[in-house]
Amino acid sequence: MCLWDVGSGQRLSILQDHTQDVRSVAFSPDGKVLASGSTDQTVRLWEVSSGQCLTILQGHTRWINSIAFSLDSKILASGGSDQVIRLWEMSSKTCSKTLQGHNGIIRSVAISSDGKIVASGSTDQTVRLWAVSSGQRLTILEGHT
């Protein structure tokens, strides 16, 4: 995986610690950290300025398909083929919550702008909304085919 300067087209750095395909990337809102989720079952956090891997977040048991930062950069959500959403505390780099309930692969995660709700989309044809504070499911949105 490479970081590029969009303006000049120059490659800034090569990020090569993942052992398998990268499925999802997300910049922290301040642009200082890049998170990458991979089929190697890890999320890696990279320092954008140096290209160095800061830490490896482990806990998923299958591919990671989607990651998203909260607007305040305090939480990172990851979702994957293990049908689990993990919420990672960026201050401690630990998993604070594991959200379970989907009956299919999680393809997408997003965190609301106020940081209170995580949305997850799955191949089970549902979107689920979860409370970040408690990890409890708030609702299931159905109707997708």
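Q: To start with, what pattern does the protein chain follow when read along the sequence?

A: This is a predicted model, and read along the sequence its protein chain goes β-β-β-β-β-β-β-β-β-β-β-β-β-β. That comes to 14 strands and zero helices. As for the overall build, a compact globule of 145 residues would have a radius of gyration near 15 Å, and the protein chain agrees with that at 15 Å. Along the principal axes, the C-alpha atoms fill a box of roughly 45 × 30 × 30 Å. Buried residues account for 43% of the 145 residues. If you take contacts between residues at least 6 apart in sequence, 31% of them link residues at least 24 apart.

Now for the cysteines. A disulfide is a covalent bond between the sulfur atoms of two cysteines. Searching the whole structure turns up zero disulfides. Look at Cys95: the closest cysteine sulfur to its own belongs to Cys53 and sits 18 Å away, so the two are too far apart for a bond; the cut-off for a disulfide is 2.5 Å between the sulfurs. Neither residue counts as buried, because that takes a relative accessible area under 20%: Cys53 is partly exposed at 24%, and Cys95 is partly exposed at 29%.

Notes:
Residues are numbered from 1 along each chain as its sequence is written. This is a predicted model: local features need pLDDT of at least 70, side-chain atom pairs count only at pLDDT 80 or more; totals for chains, interfaces and linings use all residues. Side-chain values use heavy atoms; hydrogens and water are left out. Helices (H or I, at least four residues) and strands (E, at least two) are DSSP runs, numbered from the N terminus. The radius of gyration is taken over C-alpha atoms; the globule rule is 2.2 Å times the number of residues to the power 0.38. Buried means under 20% relative accessible area, exposed over 50%, partly exposed in between (1.4 Å probe, protein chains only). Contact means heavy atoms within 4.5 Å.
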